[in-house]
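Subject: Structure handover

Hi,

Here is the structure for you to look over. My notes on it follow below.

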Amino acid sequence: MYLTKEEEKMYDGEEGPAVAKCMEILVALGNIYKVEKLVDITSAQISGVSYKTIGDAGLEFVEELARDAHVRVPSTLNPAGVDLKTWRELGFSEEFTRKQLKIVEAYQKMGISTTCTCTPYLVGNVPVFGSHIAWSESSAVCYANSVLGARTNREGGPGALAAAICGKTAEYGYHLDEARKACLLVEVDADIKNSDYGALGYLVGRKVGDGVPYFKLQNLPSTDELKWLGAALASSGAVALYHVEGVTPEYRTALNGEVEHVSIERSEIDEARQKLSTTDKKPDLVCLGCPHSSLEDLRKIAEFVVDKKIKNQLWVCTSISVKAAADRMGYTQVIENAGGKIVCDTCMVVAPIEELGFDVVGVDSAKAANYVPNMCGMDVVFNDFQKLIEFE
Ligand code: F3S
């Protein structure tokens with residue numbers, strides 16, 4: 001792989017051992033994918049934060065890098081394993097939290113913004129169209145490529161961190177025009193809304209694998225619906241980019257000649273919705289915000305629970321920044337008055353919720369429904385949040 005003079009110096013350790021180690025990671029990735037060169041990036045988003053997923057080995061890795069590394073581009077962090085402020089009242093253990101805080105502290109030392117969210121595009125990490133970035137949270141990758149038109153591969157946590165520290169990534173895959181063409185045309189013959197988008201993403205992700213689907217929809221999706229669609233595509237398949245006709249910024253150049261074509265009917269979406277639940281039992285914990293809730297999501301939840309008392313437990317996962325806006329708008333107060341909790345910095349998948357004594361988790365996200373049984377060993381019920389929340 002070709003390296004510029006400046007990159008060679010970084011590789012040879014002239015900018016310190018941490019930069020050299022990160023260059024080594026980038027060059028190794030470049031060699032695996034037969035990449036010709038590196039490309040400058042403008043933003044990074046780093047996963048591999050929860051102690052539940054990276055353990056002691058991950059903690060050691062980031063602490064070692066933090067000794068002398070600093071990021072060169074604006075960088076944000078994926079959710080951690082606990083709410084960094086209210087972990088005790090949520091029931092998370094002191095031992096887990098102690099290690100979790102050390103991980104976050106190491107990232108912070110490197111200059112990474114510890115907003116701990118999988119929706120960095122809601123908290124100011126918003127790359128412009130066509131810019132090269134290195135993001136690693138799969139749902140955020142899908143959003144950045146598809147909705148914002150930025151360019152990133154599905155980086156692993158260490159790859160994204162190395163890219164942030166060097167300000168560069170290997171130029172292959174979704175950084176290049178040819179990988180951004182659609183391979184499957186999906187015509188949706190149904191009126192869909194809310195969590196239907198997750199079910200649609202779940203269905204199409206399984207069909208398309210790591211390909212690029214192109215959707216023709218009857219409805220105009222909201223940004224939150226696009227967020228759920230991408231998260232589900234990225235979790236049931238390995239999708240990093242999708243196009244929606246008339247909606248996403250690259251749809252006009254996405255179809256290149258004949259591609260396979262499928263139609264999806266209402267009955268298939270309903271079937272996918274059913275498959276996403278693993279039980280008929282009622283959820284004792286309803287966990288919303290996968291990907292992390294927007295202010296609009298919080299407004300809708302607040303409107304639904306206002307002046308009522310929730311019977312099961314309700315957690316709404318979001319970032320501290322969105323919560324701050326919700327506090328000001330009064331949504332937090334309304335949700336808390338009804339008995340719900342706004343949980344920041346973490347989510348139902350990367351937090352050790354299996355240790356908190358709940359049996360069944362209710363989710364309105366196909367990604368969460370896909371991951372909770374494996375990651376937490378718990379049953380899930382998938383539905384719109386209005387059907388999951390029970391009142392006294
Ligand atoms: Fe985000 Fe956790 Fe879902 S990281 S996309 S809320 S699984």
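Please keep in mind that this is a predicted model.

Cysteines

A search of the whole structure turned up zero disulfides. Take Cys376: it is in no disulfide. The nearest cysteine sulfur belongs to Cys347 and is 8.1 Å away. A disulfide here needs two cysteine sulfur atoms within 2.5 Å. Is Cys376 buried or exposed? Cys376 is buried, with a relative accessible area of 6%. Cys118 is buried as well, at 7%.

Cavity

The search of the whole structure gives one cavity of 30 Å³ or more. The volume of the largest cavity is about 30 Å³. Which residues line the largest cavity? They are Leu26, Leu29, Glu155, Thr169, Ala170 and Tyr172. Two elements give two or more residues each to this lining: helix H2 (17–32) and strand S5 (168–170). By type, the lining residues split into four nonpolar, one polar and one charged.

Backbone points to check

- Cys290 and Pro291 are joined by a cis peptide bond, with omega about -10°. Pro291 sits in the loop that runs between strand S10 (285–288) and helix H11 (295–305).
- Asn194 is not a glycine, yet its phi is positive, near 50°. You will find Asn194 in the loop between strand S6 (184–189) and helix H8 (196–208). Its relative accessibility is 25%, so Asn194 counts as partly exposed.
- Asp307 is another residue other than glycine with a positive phi, about 60°. Its place is the loop between H11 and strand S11 (313–318). Asp307 counts as exposed, because its relative accessibility is 81%.
- Gly209 follows H8 and has a positive phi, near 60°.

Helix H8

H8 has 13 residues. From first C-alpha to last, H8 reaches 18 Å. That is close to the 18 Å expected at 1.5 Å a residue. How many of the 13 residues of H8 are buried? Eleven are, so H8 is largely enclosed by the rest of the structure. Among the buried residues of H8 are Asp196, Tyr197, Leu200, Tyr202, Leu203 and Val208. The glycines Gly198, Gly201 and Gly205 are buried too.

The sheet around S6

Strands of a sheet pair through backbone hydrogen bonds, either parallel or antiparallel. Here there is an open sheet of four strands, in the order S8-S7-S6-S9, with parallel pairing. Which strands stand at the edges? Strand S8 (243–244) and strand S9 (260–265) do. Each has a single partner strand, so one side of each is left without a neighbour in the sheet. S6 and strand S7 (residues 213–216) run parallel and are joined by four bridges. To find your way along this pair, look at Glu187, which stands opposite Lys216 in S7.

When you open the model, I would go through it in the order above.

Best wishes

Technical notes
Residues are numbered from 1 along each chain as its sequence is written. This is a predicted model: local features need pLDDT of at least 70, side-chain atom pairs count only at pLDDT 80 or more; totals for chains, interfaces and linings use all residues. Side-chain values use heavy atoms; hydrogens and water are left out. Buried means under 20% relative accessible area, exposed over 50%, partly exposed in between (1.4 Å probe, protein chains only). On a 1 Å grid over the protein atoms alone, a cavity is a set of points where a 1.4 Å probe fits but cannot get out, and a pocket is an open set with protein on both sides within 12 Å along at least five of seven lines; lining residues have an atom within 4 Å of a point. Grid points are joined across faces, edges and corners, and a volume is the space filled by probe spheres set on the points. Ala, Val, Leu, Ile, Met, Phe, Trp, Tyr, Cys and Pro count as nonpolar, Asp, Glu, Lys and Arg as charged, and the others, Gly among them, as polar. The expected span of a helix is 1.5 Å times one less than its number of residues. Two strands pair if DSSP finds at least two bridges between them.
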